[in-house]
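Visitor: Hi! Could you walk me through this one before I start setting anything up?

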Amino acid sequence: MAEAPLLEIRGLTSSVRSGGGRHVILSGVDMAVAPGEIVGLVGGSGSGKTTLACAILRLIDIDAGTILFEGRDLTRLEGAALRRVRPRLQMVFQDSMAAFNPRARVERVIGDPLRIWKRAVPAEQRRRIGELLDIVGLPERLLQRYPHELSGGQRQRVAIARAIATDPRLIVLDEPVSALDVSVRAQILNLLLDIRERLDMALLFIAHDLAVIAAFCDRLCVMDGGRIVEEGAPQLIVASPQAEMTRFLVEAVPKMKF
Ligand SMILES: Nc1ncnc2c1ncn2[C@@H]1O[C@H](COP(=O)(O)OP(=O)(O)OP(=O)(O)O)[C@@H](O)[C@H]1O
Ligand SMILES: [Mg+2]
């Protein structure tokens with residue numbers, strides 16, 4: 001990585017109380033994301049991917065380590081200093097239905113970040129919401145719908161519109177297409193590639209399916225047992241997996257037979 005990283009994680013450790021002791025979930029994670037880079041994070045179920053995403057977003061407590069974002073250690077920021085970083089670091093979940101307020105129409109779901117972060121005066125906000133809809137390829141008529149009145153693909157487009165509303169530098173996406181069928185999945189992946197090009201945002205894209213992520217990311221990180229066990233160019237990793245988990249994931253990709 002030639003450029004200074006946008007995100008640099010060193011020795012990140014996190015555990016939860018379990019019985020009388022502690023159960024380690026992240027055990028010394030080291031990884032980095034460069035500006036504008038798409039990093040794929042794969043690993044088996046329970047390897048710690050979602051926990052890592054939550055730690056980066058400061059949604060859970062950590063035991064040790066540093067999370068440098070734009071040169072500032074997020075683990076040491078509190079209050080106003082942390083709030084200033086928030087708009088620059090966004091997240092998209094697999095189940096955006098659960099992440100949205102079910103009583104808020106799409107207009108509010110997308111507009112909330114603009115209001116919360118005071119990104120625009122009200123008249124400006126309407127224009128910006130229109131612009132965001134356009135970027136994610138949704139028609140204006142959907143603005144008055146509720147989240148449950150949208151298809152899964154439309155909901156993920158709304159989640160992406162909301163995530164990019166504050167013009168973040170990094171979006172962490174936790175299995176954003178896992179619940180979608182194959183054709184919709186491809187559309188959303190293309191949308192994300194398009195957004196990266198147009199808006200120069202970096203993506204940390206979590207998936208458990210290597211086939212989805214390998215063709216899409218610039219660099220791949222493989223997680224197992226709460227740490228990164230392999231990292232590199234996706235083509236090289238798929239052609240010659242080194243770690244046991246990576247071999248397992250590569251073998252799990254169905255081979256096409258004709
Ligand atoms: N709040 C919690 N309390 C106890 N254990 C937890 C908690 N959150 C996560 N875990 C455990 O930590 C491990 C990692 O979970 P995590 O959700 O990060 O995995 P994941 O890689 O995202 O898995 P998946 O691919 O299934 O989404 C699992 O063993 C899980 O059971
Ligand atoms: Mg998960």
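**A tour of the fold**

Visitor: Where is the place of Asp200?
Guide: Asp200 sits in the loop between helix 7 and strand 8; helices (H or I, at least four residues) and strands (E, at least two) are DSSP runs, numbered from the N terminus. Keep in mind that this is a predicted model, with local features needing pLDDT of at least 70, side-chain atom pairs counting only at pLDDT 80 or more, totals for chains, interfaces and linings using all residues, and side-chain values using heavy atoms, without hydrogens or water. Residues are numbered from 1 along each chain as its sequence is written, while chains are lettered from A and ligands numbered from 1 in the order written.

Visitor: Which loop holds Arg58?
Guide: Arg58 is in the loop between helix 1 and strand 4. Arg58 is not a glycine either, yet has a positive phi of about 60 degrees. At 22% relative accessibility, Arg58 counts as partly exposed.

Visitor: Changing topic: is strand 7 largely enclosed or open?
Guide: Five of the five residues of strand 7 (residues 170-174) are buried, so the rest of the structure largely encloses it. Leu170, Val172 and Asp174 are buried on one side, and Ile171 and Leu173 are buried on the other.

Visitor: And which strand does strand 7 pair with over five bridges?
Guide: That is strand 8 (residues 202-207), in the parallel sense; two strands pair if DSSP finds at least two bridges between them. Val172 stands opposite Leu204 in strand 8.

Visitor: What about the open sheet, what order do its strands have?
Guide: The order is 2-1-4-5, with antiparallel pairing. Strand 2 (21-33) and strand 5 (72-73) are the edges, each pairing on one side only. Strand 1 (residues 7-18) is joined to strand 2 by 10 bridges, with Ser15 opposite Val24.

Visitor: Now Cys217, buried or exposed?
Guide: Cys217 has a relative accessible area of 8%, so it is buried. The loop between helix 8 (210-214) and strand 9 (219-224) holds Cys217. Not counting residues up to four places away in sequence, Cys217 touches Ile38, Val39, Gly40 and Pro234, where contact means heavy atoms within 4.5 Å.

Visitor: How far is Cys217 from Ser183?
Guide: Cys217 and Ser183 are 19 Å apart in space, C-alpha to C-alpha, and 34 residues apart in sequence.

Visitor: Last one: which residues lie nearest the centre of the largest pocket?
Guide: Gln90, Met91, Pro113, Trp117 and Arg162, out of 21 lining residues. A pocket is an open set of points, on a 1 Å grid over the protein atoms alone, where a 1.4 Å probe fits, with protein on both sides within 12 Å along at least five of seven lines; lining residues have an atom within 4 Å of a point. Strand 6, helix 3 (96-99), helix 4 (106-116) and helix 6 (152-164) each supply at least two residues of the lining of the largest pocket.

Methods:
Buried < 20%, exposed > 50% of the residue type's maximum accessible area, 1.4 Å probe, protein only.
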